[in-house]
Amino acid sequence: MSLFPNYQRDSLTFVKGRGSYLYDQSGKKYLDFGSGIGVTNLGHAHPKLVQSLQQQAASLWHTSNLFTQPAQEEVANLLTQASQLDAVFFCNSGAEANEAAFKLARKWGHEVKGVTEPEVITFSRSFHGRTIATLTATGQEKVKKGFSPLPAGFVIAPELSLYAVEKVQSPQTVAVCLELVQGEGGVYPVPATFIGQLVAWCQANQILLIIDEVQTGMGRTGEWFAFQHYGVKPDIITLAKGMGNGFPIGAMLATSELKDLFSPGSHGTTFGGNPLAMAVAKGVCELLQEPSFLEQVKKKGQMLLAHLAQSLHPLQIVREVRGLGFMIGIELSHPATDAISALRCKGLIALPAGDRVIRLLPPLIVTIDELKKAVDLIYQTLSVEEEMGENDAKLEISE
Ligand SMILES: *Cc1c(COP(=O)(O)O)cnc(C)c1O
């Protein structure tokens, strides 16, 4: 094996994807409720996106950001219309989008707020990426281990409360950055009351609000962006995962007040926003824009959450079912790895999050029948686990 062993990969290999399904080498079909970690939101091999990419591939791949690329302006317009933000920077991943956001916030700190050592507040259980700055911003020790020295300028609030934010605030604070549903950390939706308080606090203290929408954005929660559920307006948002439906792309969006801080030469990327990525991202935006598409996602997400909560309620091993839109977590009383493997054998792909959470990120195009099938499979699998656990317990007592 010539790959770094930084992933504990499953031996399962997929050779084809269509809509909500993946197919392995033997032809076995899997309902894909992982969407490649919230990426293939519009399903595999979406005909419109395949066509966009093929057409672009036959005409022009790359020219660099030294030249005008009209498709960038088109995609930027679609994103600013959808978000009510004003300026877009394209990059290639979520971590890069967050790097851009932190750089912009620091520049604003220096040039507008007059701060010398700008600090960004993030939260425990958060995930913001794997680059040196974004792993420092991440509120999970396991991603930092072995990578010191970590850069200065990040402080982590120990919980999602204003009390915790005020405790770590300093005169150097320039921004607060958070996910509205903590994805990797275990699918924790942020309480709406805290979001309201935080927005007011940021305004009162002249502090920027950065929402990391890398996982929650692009329709995942039933709105274009998760912040739209709460009627708040962030200063900066970051996007990536669902934006290219599998083609690597990221973006950082900000308000007009911040736009000119990224003056010529201040930030850049070789690949970001290249013609291939733009062709796909434009297709993705157009599909999300279709009348009632997001309305359907919202309805189906509520339905999935309600059905899961109802059918899993009798099981002792299920601690909680929670989520927003098509970002759902099933917290168990023990590690979720066995349940996730058992689901895989039954033909349902689900993902882990945190230690004990089964994370469901169905494609937004999933049908109601497919949702029902998934709920049945999850119920069957978890009730078998529960029975096995009870039998083990009985065995222990009798021994
Ligand atoms: C996945 C993720 C990232 C990192 O994205 P990459 O494309 O892997 O760099 C950042 N923030 C959140 C919330 C994510 O879910």
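1. Terms first. Buried means under 20% relative accessible area, exposed over 50%, and partly exposed in between, with a 1.4 Å probe and protein chains only. At 51% relative accessibility, Lys299 therefore counts as exposed. Lys299 sits in helix H10, residues 293-312. Helices (H or I, at least four residues) and strands (E, at least two) are DSSP runs, numbered from the N terminus.

2. Basis of the note. This is a predicted model: local features need pLDDT of at least 70, side-chain atom pairs count only at pLDDT 80 or more, and totals for chains, interfaces and linings use all residues. Residues are numbered from 1 along each chain as its sequence is written, and side-chain values use heavy atoms, with hydrogens and water left out.

3. Overall form. The protein chain has 12 helices and 17 strands. Its C-alpha atoms fill a box of roughly 70 × 55 × 45 Å along the principal axes. The radius of gyration is taken over C-alpha atoms, and the globule rule is 2.2 Å times the number of residues to the power 0.38. For 399 residues, a compact globule would have a radius of gyration near 21 Å; the protein chain has 22 Å, which agrees.

4. Burial and surface. Of the 399 residues, 53% count as buried. Accessible areas come from the Shrake-Rupley method with a 1.4 Å probe; for residues, only the protein chains shown count as cover. The accessible surface of the protein chain comes to about 18,600 Å². Carbon and sulfur atoms own 54% of that surface.

5. Contact range. Contact means heavy atoms within 4.5 Å. Take the contacts between residues at least 6 apart in sequence: 72% of them join residues at least 24 apart.

6. Ligand shell. A residue is near a molecule or strand if one of its heavy atoms lies within 4 Å of it. Around the ligand are Ser93, Gly94, Ala95, Asn98, Phe127, His128, Gly129, Glu179, Asp212, Val214, Gln215 and Lys241. Helix H4 (residues 94-113) gives the most to this shell, with 3 residues. The shell divides into 3 nonpolar, 6 polar and 3 charged residues. Here Ala, Val, Leu, Ile, Met, Phe, Trp, Tyr, Cys and Pro count as nonpolar, Asp, Glu, Lys and Arg as charged, and the others, Gly among them, as polar.

7. Ligand polar pairs. A polar contact is a pair of N or O atoms within 3.5 Å; within protein, one must be able to donate a hydrogen and the other to accept it, and residues adjacent in sequence count only if both atoms are side-chain atoms. A backbone N or O atom of Gly94 lies 2.8 Å from a ligand oxygen atom. A polar side-chain atom of Asp212 is 2.8 Å from a nitrogen atom of the ligand. For Gln215, a polar side-chain atom lies 2.8 Å from a ligand oxygen. On its own the ligand has 390 Å² of accessible area, and the protein covers 81% of it.

8. Gln182. This residue is found in strand E8, residues 181-182. Gln182 counts as buried because its relative accessibility is 1%. Its side chain makes a polar contact of 3.3 Å with that of Arg125. Beyond neighbours within four places in sequence, Gln182 is in contact with residues including Phe123, Leu160 and Tyr188.

9. Phe90. Strand E4 (residues 87-91) holds Phe90. Phe90 has 7% relative accessibility, so it counts as buried. Beyond neighbours within four places in sequence, its contacts include Val75, Leu79, Met243 and Met278. The C-alpha atoms of Phe90 and Leu304 are separated by 33 Å, at 214 residues apart along the chain.
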